[in-house]
Amino acid sequence: WLDYDMINQKPRNYFIPTNLLPLWTGAFNKSDTERISASVLKYIEDLKLDSYPGGVPNTLAATGEQWDFPNVWPPMQYLLIGGLENLGTPEAKKLSERWGHRWVKSNFEAYKQTQTMFEKVCNK
C-alpha cells in the first residue's frame, strides 16, 4: 500500500510507516494472509527496516526535517508492531515481538541515560 498523490494522480513510491497501516486497521483480505505476510516481510527485508537499532525510521529520506530519517516516532512504531501482530503468521508475529522489545529497550536505555522520555528517538 502506498500514499497517493492526488495532485499528480499517482502513488508515492517511498517508505513511510503508514504504507503498512492496513495491517493495523485489519483492512486486508484475511483469506490471503499468507501471501500478504510474505509480501510485507519481503518489503521490510528489501528496505532493511529491521536494521535500525532504535526502531523503524519514519521515512528513509534524510531531509533534515524532524519527521524524516533518522527519526523514529512512537505512534508509528505502535502501528507497525500492532499491524505485524494482526497479520497473525508466525513470521510476522515474531518480527512484531522483536520490534516491540527493541522499541521498549531503546526507550528504557534513553531514559536510563538521561532521565527523560523523548518525543522521538534518533537512530544515530
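Contact, in this talk, means heavy atoms within 4.5 Å. With that in hand, take the fold as a whole. Among contacts between residues at least 6 apart in sequence, 56% join residues at least 24 apart.

A word on the model. It is a predicted one, where local features need pLDDT of at least 70, side-chain atom pairs count only at pLDDT 80 or more, and totals for chains, interfaces and linings use all residues. Residues are numbered from 1 along each chain as its sequence is written, and side-chain values use heavy atoms, with hydrogens and water left out.

Now the parts list. The protein has four helices and four strands. Both are DSSP runs, numbered from the N terminus: helices are H or I with at least four residues, strands are E with at least two. Along the sequence, the pattern reads β-β-α-α-β-α-α-β.

Next, overall size. The C-alpha trace spans about 45 × 40 × 25 Å along its principal axes.

How much of the protein is buried? Of its 124 residues, 40% count as buried. Buried means under 20% relative accessible area, exposed means over 50%, and partly exposed is in between, using a 1.4 Å probe and protein chains only.

On to a helix pair. Helix 3 covers residues 74-87, and helix 4 covers residues 90-114. They pack at an angle of about 155°, with axes 7 Å apart. Axes here are lines fitted to C-alpha atoms, for helices over the stretch in contact, and angles run from 0 to 180 degrees between N-to-C directions. So the two helices are roughly antiparallel. That label needs an angle over 145 degrees.

Which residues of helix 3 meet helix 4? They are Pro74, Gln77, Leu80, Ile81, Leu84, Glu85 and Leu87. On the helix 4 side, they meet Ala92, Lys93, Leu95, Ser96, Trp99, Gly100 and Trp103. By class, this contact has nine nonpolar, three polar and two charged residues. Nonpolar covers Ala, Val, Leu, Ile, Met, Phe, Trp, Tyr, Cys and Pro; charged covers Asp, Glu, Lys and Arg; the others, Gly among them, are polar.

Look at Gln77 in helix 3. Is it buried or exposed? Gln77 counts as buried, because its relative accessibility is 2%. Leaving out residues up to four places away in sequence, Gln77 touches Gly55, Val56, Val72 and Trp103.

Now some backbone details. Most residues other than glycine have a negative phi, and most peptide bonds are trans. Gln9 has a positive phi, near 50°. Gln9 sits in the loop between strand 1 (3-5) and strand 2 (10-12), and counts as exposed at 59% relative accessibility. Lys48 also has a positive phi, near 60°. Lys48 is in the loop between helix 2 and strand 3, and is exposed, with a relative accessible area of 55%.

Where is the cis peptide bond? It joins Phe69 and Pro70, with omega about 10°. Pro70 lies in the loop between helix 2 and strand 3 (71-72).

Last stop, Gly26. This glycine is in the loop between helix 1 (21-25) and helix 2 (33-46). Gly26 counts as partly exposed, at 24% relative accessibility.

Definitions and conventions: Angles under 35 degrees count as roughly parallel, over 145 as roughly antiparallel, 65 to 115 as roughly perpendicular and the rest as oblique.
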